[in-house]
Amino acid sequence: MQIAAGQTRPGSANARSPVSVQGGDAPPAMGVVEWLQRMHTGARQRNYVGTFVVSAAGGDLSSARIWHVRDGDMQIERIEALSGPPRSTFRRNHHVMTFLPEAKVVKVEKRENLDLFPNLPDKPDSSIGDFYDVRAIGKDRVAGFDADVVQLVPHDGLRFGYRIWSERRSGLVMKLQTIDSDSRVVEQSAFSELQLDAPVKAQALAQMMANTGGYRIEKLELERTNAQDEGWVLKSPVAGFKPRSFYRRPVGSDKSGQDRTVQWTFSDGLASVSLFIERYDEKRAPRDGVLTIGATNAIRRRLPEPANDWWLTAVGEVPQQTLNAFAQSLARTR
């Protein structure tokens with residue numbers, strides 16, 4: 001999960017100990033929607049440069065350098081991976097280009113659902129308050145900035161909780177902990193250092209984004225469609241999760257559409273779930289399985305009859321039981 005820049009790791013991410021915050025001024029008394037709107041605005045309207053660090057409960061640690069600029073209605077950012085294989089991702093609004101220098105490849109795609117926190121729709125959705133409460137914790141300092149600390153407590157076991165450090169002046173999320181039902185921190189992310197209102201030029205980032213010389217461009221062509229036309233339905237909705245998008249995704253060199261995967265995305269405003277549905281291929285013989293990395297869970301299973309010639313892969317920053325609920329509710333209509 002990307003908040004807005006880097007993160008620190010003061011201790012093991014699976015520690016059960018409560019957050020250490022300073023006393024003093026209490027955070028403003030606001031509801032869930034008001035807090036999230038403040039954070040949402042802070043992440044988009046300020047220019048900043050910072051280093052962002054993510055740590056998972058298993059000890060995995062990754063970091064990235066982030067440049068973010070708002071210029072009128074345009075937001076543009078550059079994310080330079082500091083861990084793992086070299087990789088630079090540029091985003092201009094919903095247009096995303098990922099440069100892979102070792103392969104000399106640029107992957108180009110358009111994303112409607114960006115990896116931001118909070119991942120709110122353009123229009124405020126007051127129903128999110130039906131699924132989370134907000135508790136004021138206190139104040140703290142992150143990367144040299146004063147922050148309000150609040151906790152979002154879920155009403156049910158279908159979503160994680162969040163402890164959030166929000167920069168006092170702007171609302172920008174400085175640090176984020178994802179907390180499971182046993183109060184364990186399953187993932188933590190924070191700025192290790194940050195320069196707010198940094199003198200970064202949108203034009204300079206745009207020029208870097210356009211410089212694809214020497215790279216092969218691979219475009220991910222997504223075709224918008226809908227669940228009804230593709231023959232899928234959720235027999236019972238999963239509480240709080242609303243459909244965001246439905247796309248056909250190409251697979252390999254197949255152009256006929258027979259070998260395609262569809263992606264159905266849902267979100268409750270904080271957590272998102274993607275359902276990838278594809279034809280069962282006996283030659284590939286994938287097996288049912290589960291995977292957990294930090295706050296991200298994934299399940300893969302062959303759907304039961306009469307849809308047993310289809311495979312489902314469900315991925316999301318939610319408890320596994322939420323993915324199971326989606327899998328059990330998914331049904332073929334034809």
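**Reading the features**

Mentor: Aromatic pairs come first, and the structure holds eleven of them. Rings of Phe, Tyr and Trp (its six-membered ring) pair if their centres lie within 6.5 Å; planes under 30 degrees apart count as stacked, over 60 as edge-to-face and the rest as tilted. The rings of Phe 246 and Trp 264 have centres 5.3 Å apart and planes at 50°, so this pair is tilted. This is a predicted model, in which local features need pLDDT of at least 70 and side-chain atom pairs count only at pLDDT 80 or more, while totals for chains, interfaces and linings use all residues. Residues are numbered from 1 along each chain as its sequence is written, and side-chain values use heavy atoms, with hydrogens and water left out.

Trainee: Which parts does the pair of Phe 246 and Trp 264 tie together?

Mentor: Elements first: helices (H or I, at least four residues) and strands (E, at least two) are DSSP runs, numbered from the N terminus. Phe 246 lies in strand E15 (residues 242-249) and Trp 264 in strand E16, so the pair ties together parts 18 residues apart in sequence. Trp 264 also pairs with Phe 266, with ring centres 4.9 Å apart and planes at 45°, so that pair is tilted. Ring pairs link Phe 241, Phe 246, Trp 264, Phe 266 and Phe 326 into a cluster.

Trainee: Is Phe 266 buried or exposed?

Mentor: Buried means under 20% relative accessible area, exposed over 50%, and partly exposed in between (1.4 Å probe, protein chains only). Phe 266 is buried, with a relative accessible area of 2%. Phe 246 is buried at 4%, and Trp 264 counts as buried at 9%.

Trainee: Which residues of helix H4 are buried?

Mentor: An α-helix has 3.6 residues a turn, so residues three or four places apart point the same way. In H4 (residues 320-329), the buried residues are Thr 322, Leu 323, Asn 324, Phe 326, Ala 327 and Ser 329. The buried residues of H4 pack against several strands, including E16 (261-267), E17 (272-279) and E20 (310-316); contact means heavy atoms within 4.5 Å.

Trainee: How is the length of helix H1 checked?

Mentor: The expected span of a helix is 1.5 Å times one less than its number of residues. The 14 residues of H1 (residues 32-45) should span 20 Å, and the end C-alpha atoms of H1 are 20 Å apart, which agrees. Among the buried residues of H1 are Trp 35, Leu 36, Met 39 and Ala 43. Ala 29 lies in the segment before H1 and counts as exposed at 85% relative accessibility. Ala 29 and Arg 135 are 106 residues apart in sequence and 9.2 Å apart in space, C-alpha to C-alpha.

Trainee: What is the bridge partner of Arg 135 in E8?

Mentor: Two strands pair if DSSP finds at least two bridges between them. Strands E7 (residues 132-142) and E8 (residues 145-154) run antiparallel and are joined by ten bridges. In E8, Gln 151 is the bridge partner of Arg 135. The hairpin of E7 and E8 has two residues between the strands, and Ala 143 there takes a positive phi near 55°.

Trainee: How many salt bridges does a search of the whole structure find?

Mentor: A salt bridge is a side-chain nitrogen of Lys or Arg within 4 Å of a carboxyl oxygen of Asp or Glu. The search finds 16. One of them joins Asp 148 and Arg 168 (2.6 Å, N to O). Asp 148 lies in strand E8 and Arg 168 in the loop between strand E9 (161-167) and strand E10 (173-179), so the pair ties together parts 20 residues apart in sequence. Asp 148 counts as buried at 3% relative accessibility, whereas Arg 168 is partly exposed at 25%.

Trainee: Where do Arg 159 and Asp 268 lie?

Mentor: Arg 159 forms a salt bridge with Asp 268, with the closest N and O atoms 3.1 Å apart. Arg 159 lies in the loop between E8 and E9 and Asp 268 in the loop between E16 and E17, so the pair ties together parts 109 residues apart in sequence. Both Arg 159 and Asp 268 are buried.

Trainee: Which ring does the charged end of Arg 332 sit over?

Mentor: A charge sits over a ring if NZ of Lys or CZ of Arg is within 6 Å of the ring centre and within 35 degrees of the ring normal. Arg 332 has its charged end over the ring of Trp 232, 4.6 Å from its centre. Arg 65 lies over the face of Trp 67, at 5.9 Å from the ring centre.
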